[in-house]
Amino acid sequence: MIAHQVASLGLEYGTVVPMHYLNRDGFAKAVSVASPLFTSFEESRILGEATRRAIDESGERVAIIASGSLSHRLWPNKKLGPEAWTSVASEFNRQVDLRVLELWQSRRYREFLDMLPDYATKCNGEGGMADTIMLFAALGWYDYRGAAEQLCDYFPSSGSGQVNVEFHVEA
């Protein structure tokens with residue numbers, strides 16, 4: 001996968017970086033999907049469901065690498081300082097992020113999905129959390145039963161909440 005053809009620009013975004021390091025020899029086929037900037041919740045869900053159908057029909061073993069943040073309220077420029085890079089801009093957002101992680105850990109996905117429309121808007125979801133909507137639609141939405149394995153501690157970045165989570169599926 002090539003993110004761009006501009007040599008002066010470094011690697012960006014959590015979906016491109018893993019493919020750069022995990023697929024140096026090009027053994028894996030990769031399809032990059034970017035959500036349109038102003039997509040609706042329902043459009044994102046439809047795209048995720050279509051992705052799942054395509055995977056099911058392909059007969060291939062597939063990994064989905066999704067990149068987004070949890071809450072995404074960035075610090076305003078006038079408040080940027082050393083502490084801004086290592087803190088969440090809203091305590092409300094931080095608390096909701098932590099609750100989301102608890103729901104995922106206890107496989108209470110229905111509760112999470114029912115709150116997702118509000119979470120995306122009230123916690124400033126980047127791109128309306130289209131990435132999360134598409135991912136859960138591809139996982140099966142309410143039918144998803146797999147484990148969510150949190151790979152690192154929750155951490156802030158420029159005001160947003162971040163974490164790496166692997167959602168397991170049965171083979």
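Which residues does arginine 99 touch, not counting residues up to four places away in sequence? Arginine 99 touches Arg108 and Glu111, where contact means heavy atoms within 4.5 Å.

## Basis of the model

This is a predicted model, in which local features need pLDDT of at least 70 and side-chain atom pairs count only at pLDDT 80 or more, while totals for chains, interfaces and linings use all residues. Residues are numbered from 1 along each chain as its sequence is written, and side-chain values use heavy atoms, with hydrogens and water left out.

## Overall architecture

The chain has five helices and four strands, and from the N terminus on its elements run α-α-α-α-α-β-β-β-β. Helices (H or I, at least four residues) and strands (E, at least two) are DSSP runs, numbered from the N terminus. Buried residues (under 20% relative accessible area, with exposed over 50% and partly exposed in between, for a 1.4 Å probe and protein chains only) make up 32% of the 171 residues in the chain. Among contacts between residues at least 6 apart in sequence, 64% join residues at least 24 apart.

Helix 2 (residues 41-58) has 18 residues and reaches 26 Å from its first C-alpha to its last, close to the 26 Å expected at 1.5 Å a residue, the expected span being 1.5 Å times one less than the number of residues. Just after helix 2, glycine 59 takes a positive phi of about 70°.

## Serine 71 in its loop

Serine 71 is found in the loop between helix 2 and helix 3 (91-105), and it counts as buried because its relative accessible area is 0%. The side chain of serine 71 makes a polar contact with that of aspartate 97 at 2.7 Å; such a contact is a pair of N or O atoms within 3.5 Å, and within protein one must be able to donate a hydrogen and the other to accept it, while residues adjacent in sequence count only if both atoms are side-chain atoms. Beyond four places in sequence, the residues that serine 71 touches include Val88, Tyr119, Tyr154 and Gly161.

Arginine 99 lies in helix 3 and is partly exposed, with a relative accessible area of 34%. Arginine 99 and phenylalanine 112 are 13 residues apart in sequence and 9.2 Å apart in space, C-alpha to C-alpha.
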